[in-house]
Amino acid sequence: MKILWVLTVVGGVLWNATASWSAEPLRDSLEKGLLEEEANQNLNGAIQAYQAVLDRFAEERRIAATATFRLGECYRKQGKTNEAFAEFQRVVREFGDQPQLAQLSRRYLARYGMLPRPEHQPIPSRFIASLAG
């Protein structure tokens, strides 16, 4: 009983810590930037605070891209190719600024002919002609 109580308390503390870990520093840095910019007229302080928000965002983006790629890998290893392709396509589409993960995802997709067609790439005229005739 005592062990269960300790695990419950520790789990609650960890849950609260991780839940607030992500959003709070961003929000705090943003609020600090606003305070420095507007109330204190300290533009250099505001710039530092805003840069901290962007730096943290970039790190979280890298982590999200890695998680998306690893999710695709797990699906691939389970033989769930549709789910794997969807995650690899998501990496290419949403995280193209993460070159290593995007390149690996493109390789997997190219191997199976599943690369998405870029919106700006024209459809070959021979394909259009085959539809018309």
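Residues are numbered from 1 along each chain as its sequence is written, and side-chain values use heavy atoms, with hydrogens and water left out. Because the model is predicted, local features need pLDDT of at least 70 and side-chain atom pairs count only at pLDDT 80 or more, while totals for chains, interfaces and linings use all residues.

**Exercise 1. State how many helices and strands the chain has, and what share of its residues is buried.**

Step 1. Helices (H or I, at least four residues) and strands (E, at least two) are DSSP runs, numbered from the N terminus. The chain has 5 helices and 0 strands, giving the pattern α-α-α-α-α along the sequence.

Step 2. Buried means under 20% relative accessible area, exposed over 50%, and partly exposed in between (1.4 Å probe, protein chains only). By this rule, 20% of the 133 residues are buried.

Step 3. Contact means heavy atoms within 4.5 Å. Among contacts between residues at least 6 apart in sequence, 40% join residues at least 24 apart.

**Exercise 2. Check the span of helix H4 and find which residues form its buried face.**

Step 1. The expected span of a helix is 1.5 Å times one less than its number of residues. For the 13 residues of H4 (residues 99–111) this gives 18 Å, and the end C-alpha atoms are 18 Å apart, which agrees.

Step 2. The buried residues of H4 are Leu101, Ala102, Ser105, Tyr108 and Leu109. Seen down the helix axis, they fall within an arc of 125° (taken from the directions from the axis to the C-beta atoms), so they line one face of H4. An α-helix has 3.6 residues a turn, so residues three or four places apart point the same way.

Step 3. Exposed residues Pro99, Gln100 and Arg111 sit on the face of H4 turned away from the buried side. The buried residues pack against helix H2 (43–77) and helix H3 (81–94).

Step 4. After H4 comes glycine 113, with a positive phi near 65°.

**Exercise 3. Describe how H2 packs against H3 and against H4.**

Step 1. Axes are lines fitted to C-alpha atoms, for helices over the stretch in contact, and angles run from 0 to 180 degrees between N-to-C directions. The axes of H2 and H3 come within 7 Å and cross at roughly 155°. H2 is therefore roughly antiparallel to H3; angles under 35 degrees count as roughly parallel, over 145 as roughly antiparallel, 65 to 115 as roughly perpendicular and the rest as oblique.

Step 2. The residues of H2 that meet H3 include Ala65, Phe69 and Gly72, and their partners in H3 include Ala84, Phe88 and Val91.

Step 3. The axes of H2 and H4 lie 10 Å apart at an angle of about 25°, so these two helices are roughly parallel. Their contact is made by Ala65, Thr66, Phe69, Glu73 and Arg76 of H2 with Leu101, Leu104, Ser105 and Tyr108 of H4.

**Exercise 4. Decide whether serine 105 and leucine 54 are buried or exposed.**

Step 1. Serine 105 is in helix H4 and counts as buried because its relative accessibility is 0%. Leaving aside residues up to four places away in sequence, serine 105 touches Phe69, Phe88, Val91 and Val92.

Step 2. Leucine 54 belongs to helix H2 and is exposed, with a relative accessible area of 51%. Leucine 54 and leucine 30 are 24 residues apart in sequence, and their C-alpha atoms are 9.7 Å apart in space.
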